[in-house]
Amino acid sequence: MSFSVQAPHRDLSESSRPSLHCRVRFRSPKFASDTFSGWNYSRESAVSVLFLFLFLFSSFCSAEILIEPRIGFHGVFQLGRPFPLEVDLSNSGRPAEGTLEVVVWKGGATKGGVPYPLYYRRDIFLPAQSRKSVHLTVDPDFISRPLKITFSSPADRASLEVDLRRYFSPAPVTLMVSEGNTIPPLSFGSASANRLVALTLTELPPDPRALLGVSHLILYDQSLRDLSRSQLLALDSWLTAGGRMVILGSLNYPLYQEPAISRFLPVRVTGIKRISFHPGPGPNDSSAPIDNVWAQASTVVTGKVLAETQGIPVLVEASRGKGRITYLSLDIGRPPLSQWDGLPKFLQRVLASPGGDDLALRTRWDETVFAQLIQSPSFISTYVPTGALFLAIVGYLLGIGVFSWLWQRRRFARRTVMVTGLCFVTLSGLGGYLLFSRGGNIPDGVLLSSTVMESSADGYVEAQSNLAMFSTQIRQYDLAIERGWMDLIPVSVPAKERAEPAVVFQDGSGSSRFQLPLREWDYRLFRVRFVDRFPLRAEFEQQGGKLLMRLNNQSAKDLADCWLVAPGQRYALGDIPRGASWTREFALTVEEGQQQGGGRRSDAVDFREIPFKDKTREILFHASFFPRDDGSVRWSAGTAVFFGWVKDPDRRVSVRDNRIRNYDYTLFRAIVPLAGPEDE
Amino acid sequence: MKDNPVLRESLEVFFGEGHGFAVYFYLLIILAPVEFFSLYLPSLDAQMWSGSASLFKVSAVTTLLLMVYFALRVANQEFAPWRFKATKRWLREDGLAIATVGQGQLAFLSLHVALSMLLCLPFLIWAAAIARTPLPRVAGTLLLLMFYAFSYSIWGLATLVLWERRAESRQVFIRCWFFFVVVISALFYLPVNPVAFLLAYLGRQELAPLSIAGWKAPAAVAHFAFHLLVAFTGLMAYRWALRRDLAV
C-alpha cells in the first residue's frame, strides 16, 4: 500500500465537514409602504432608504450561525496526540457576541480513570454577514464519545457533534508543504505507516502542540515569507521538542535564501547546479549514478554533512533541541529524479529516524510525593499560620491563667474579673477568627511547581514540570501557562465527584489558560513538559581513573547547591554563578576521591546521602527527581550526574492572584554515562 | 434560683474555693496541644490530605470527649467531694424540697457545661477558621457539644443520688457509661454514636438510616431520638432516686 500526496485543497468532502444552520428568526419592522406614497424622491434618497432598510432588516434579524469544523490535517490526526481544530463560524444574521466551546473527553479506561469532559472556550465576536476561522488545539484521551462544538450568545445557540472515529490515524502524520500545486508525486512506499498530508502554508497551525502528532514536516519549493509569527514560533517550538523537518531543494533556489527559511536551513544556499547523483550507499544498492540532477549549491552553516557529491553537500542534518532538520539539496520534483523508480526508497532513508529517542528520565510525581510535601512541617507553614496559632494558644492559656489568679487573689472585685474575663474570651475568639480566616498571609491556595531541566543538545533543555495546585477554599483558579509547553497531563483526579469541569481558554497565539474549580482542601496534580533554551553546558570526558568536567554557564541564572555524583563518589561544587566557566578534574577511583573535595566512598551512587538545607528541596530531590525505586538500576550502571538548583527560576505556570502563593523549585541536571572497564 | 442553697454551695466550692479550676485546667491543657499538633498529623480521611483540613473535626471531637467526661465527673461530684453536703442531708436535715435540690444541681451542671464550652470556644473558632469550616456548621457543632454533654451527664447526677455513699461504684459506673456512649454505641448502630454523628455532620456525609422490620428512620432522627431518650431516662432516674432518698 502506498500513499500519494494529494494537492492541497480547502474543500473537504461533505462527510468531513458537518455543518449546522440555525434557523433565522425574523422580527421585521413594519414599514407601511403607503407612508411614503406621493413623495418625490431623488435617486440618492431612494438608495439611502434602501441601505437604511437593509441595515434595519439585518439588525432586526437573529444571527444565523453556521459551524464548519476542520479536524486535524485535512481530516487526519494521530490518536492520542493533540491535533488542530479549525472552526469556521459564518454569521448571516445580525452581529453576535458569544463563546465558542469545544468539549472533548479525557480520562477513561486507557488512562485508568473515569471519563470527564474538558472544555475549550474562546470568546468570539461575529459581525453581521461575516465569517471567522478559529484555531484551537484539542487533546481528547479517547474518541468513542463525540466532540461537541457549540457557539452560544445571549440570543442564539448553535451546536454540532463530530464523531472523531472517522478521522484518526494510529501513526503520526507526515506533512508536506509546497508552493501552489507544484507537488511532486511523492510516494514513500508500503513500508511507511505514516499518513502523508499536503498542506498549504496558511494551514500550518499557530500552536506547537497541534504539531505533536506530526512526525515529519517536509518543505519543498516553498517560501516561508507568509508564515505568521505565531506559526514560525510554533514550528520552532515543535522542532526543539523533537519534531523532524525535512527541507527538499528545488530549482527555485532564491526561495531558500529568504530569512524565514534560513532560520531552519543548516546550509546557506548559493545557487543551482546539475550534478551526477549516486543514490548509494544502500546495502543492496547497485544502481548507477543519475546524471543531470538539479541540486542546490550551498555552504554548510551548522550540522553534519551526511552525503556530498562534487563538492556540493547533498544531505545535511542538524539538530535543534531534541528535534532534527534534514536538508536534501536535490530537486526530486523535477526530472530526472521525479521519474526515478528508487525515489520512494531513497526518501524513506532520508526520513528514517537515526535511532530511538533519548527519553529523559521521568521524575516521580504522584500522591505519595505530594503527601510527603504537604505533611512536611516546613511546608505546612506556607498555607497554615502555625506560628500565629501557637502564639494565640499560648497567649490564651496565659490570659486564662492570669484571670484565674486574679479571681483567687481577690485583688479586684470578682464581678469585674468575671466581666473582663468574658470579654477576653470573646475577643480572643473573634480576633482569632478574623486573623485565621481573612487576615495575615494565609493564602487561598498554593501552586507548587517542581521542575527538572534535563540538559539536551545545543543549549536546549527539556523541562519536566510537576505541578500541584491545592486549595484551602472553594474557588476557581486560573492557571496561565507560558508559551512553549507541550504536554499537560493530569496525574491524579481524586475519586470524588467534581462539581465543575476544567476549562481551557486558548487565544489565537497559542497561549493557554486553564480554569480549575477546586473545593476546600482539594488539589490537582499535573505534569507539563517544555523544551526551552538554557545555555548551560556540562561536558564530561573520562580519562582513565579521572573525570574531566567542563562547565560553561551562559544562562541568565545562577545555580546553587551544585553536586557532581559518580558511582562511589560525590563532590559538592557549591554555587555556580551565571557566566562561570571552568574545567575541573575529579578522581573516579576510591582512594583519590576520598582525598579530594570531600568525596565519599559508597558502593553505588546514593542520592539519599545528599543533604539540602531546605526541607522541601530535600523531599523533591529524594522522592521525585531521583526516586530510589526507579533510578537505582540506572545509577549503579555507571553514570555521572551533575545537578544544581536554579536560583529564581522563570515561572512557566502561574496563578496571577495575590491570594495564591507560587513556589518554584527548579533543578538542572546532566546525566552522562561513564565508560565501563570493558569499554576502555 | 440565685438563692438556691445547693447551687450556691456548688458555686462556692468550685469557684469560691477554687476546687473546680482543675477541671477547666485539664480541659484546656489537653485540648490546646491536641489542636496544635493535629496540624502536623496525617489526616484520618483519605480525601483530606492534611491535618489542617481536619483541624476543626479533630478539635471538636476532642472537645466532645473532654466535655462529656468532665461533665460526668463534675455531676458525680468527683472534685472536692468532701466539701459537698450529701443530698440526703439537704432533703432531710435542711428540709429542702426535691425540686429545689434537683434545680440547684441541674443548674450548676448547666453552668459547668456552658463555662466549659465558653472556655473551649476560642480554640474551636480558630480551628474552624483555619479549616475553612462554614459558620453555620460551627454553630451546629457547638450546640451538639452542649447537647451531648448535658444529656450524658444527667446520668452523673442520677448515680450521685443513687449511690451517694459508694463513691468507687459511682466512679466505675461513670467511666463505663462514658466508654459505652462514645465507643461501644458505635458497634450497635453507628449513627447513634456522638463521634460518628459529629464527623458525619462536619463532613456532610449521609449516615445509614435505621431500619427495623421494614420500617426506616433517618439517621438524624434515630440519633436525636436516642439521645433524648438517654437524657429523659437519666432525668427520670435522677428524680426517682431523689424521691427514694426522701422516702427512705
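Q: How do α3(B) and α7(B) lie relative to each other, roughly parallel or roughly antiparallel?
A: α3(B) and α7(B) are roughly antiparallel. This is a predicted model, by the way.

Q: Why antiparallel? What's the angle?
A: α3(B) and α7(B), which covers residues 167-188 of chain B, pack at about 155 degrees. Angles over 145 count as roughly antiparallel, so the pair gets that label.

Q: And how far apart are the axes of that pair?
A: The axes are 10 Å apart.

Q: Is the crossing left-handed or right-handed?
A: Right-handed, where α3(B) passes α7(B).

Q: Which residues make the contact?
A: From α3(B), they are B:L65, B:V68, B:Y69, B:L72 and B:R73. From α7(B), they are B:I174, B:W177, B:F178 and B:V182.

Q: What classes are those?
A: Eight are nonpolar, none is polar and one is charged.

Q: B:V68 is in there. Where else does that residue turn up?
A: In the largest nonpolar core, which has 220 residues. B:V68 and B:A71 have the most contacts inside that core.

Q: Which helix gives the most to it?
A: α3 of chain B, residues 55-75, with 15 residues.

Q: What does B:A71 touch?
A: Leaving out residues up to four places away in sequence, B:A71 touches B:L109, B:H112, B:V113, B:A149, B:S153 and B:G156.

Q: What about a second core?
A: A separate one has five residues. Among them are B:L207, B:A219, B:A222 and B:F226.

Q: New pair. How do α5(B) and α9(B) cross?
A: α5(B) spans residues 98-130 and α9(B) spans residues 219-247. Their axes come within 10 Å and cross at roughly 135 degrees. That makes α5(B) oblique to α9(B).

Q: Which hand is that crossing, left or right?
A: α5(B) passes α9(B) in a right-handed crossing.

Q: Which residues meet there?
A: B:I98, B:V101 and B:G102 of α5(B) meet B:Y238, B:R239, B:L242, B:R243 and B:L246 of α9(B). By class, that contact has five nonpolar, one polar and two charged residues.

Q: Now the two chains. How many residues does each put into the contact?
A: Chain A puts in 30 residues and chain B 23 residues.

Q: Which helices of chain A are involved?
A: α5 (367-374), α6 (377-383), α7 (386-409) and α8 (414-437) of chain A each supply at least two residues. α7(A) gives the most to that side, with 10 residues.

Q: And the classes on that side of chain A?
A: There are 18 nonpolar, 10 polar and two charged residues on the side of chain A that touches chain B.

Note on methods. Residues numbered from 1 in each chain as written. Chains lettered and ligands numbered in written order. Predicted model: local features only at pLDDT ≥ 70, side-chain atom pairs only at ≥ 80, totals over all residues. Core = buried A, V, L, I, M, F, W, Y, C linked by C-beta atoms within 7 Å. Buried ≥ 20, exposed ≤ 12 C-beta atoms within 10 Å, placed from the backbone. Helix = DSSP H or I, 4+ residues; strand = E, 2+ residues; numbered from the N terminus. Contact = placed C-beta atoms within 7 Å. Nonpolar A, V, L, I, M, F, W, Y, C, P; charged D, E, K, R; others polar. Axes fitted to C-alpha atoms, helices over the stretch in contact; angles between N-to-C directions. Parallel < 35°, antiparallel > 145°, perpendicular 65-115°, else oblique. Left-handed = near helix turned anticlockwise from the far one by under 90°.
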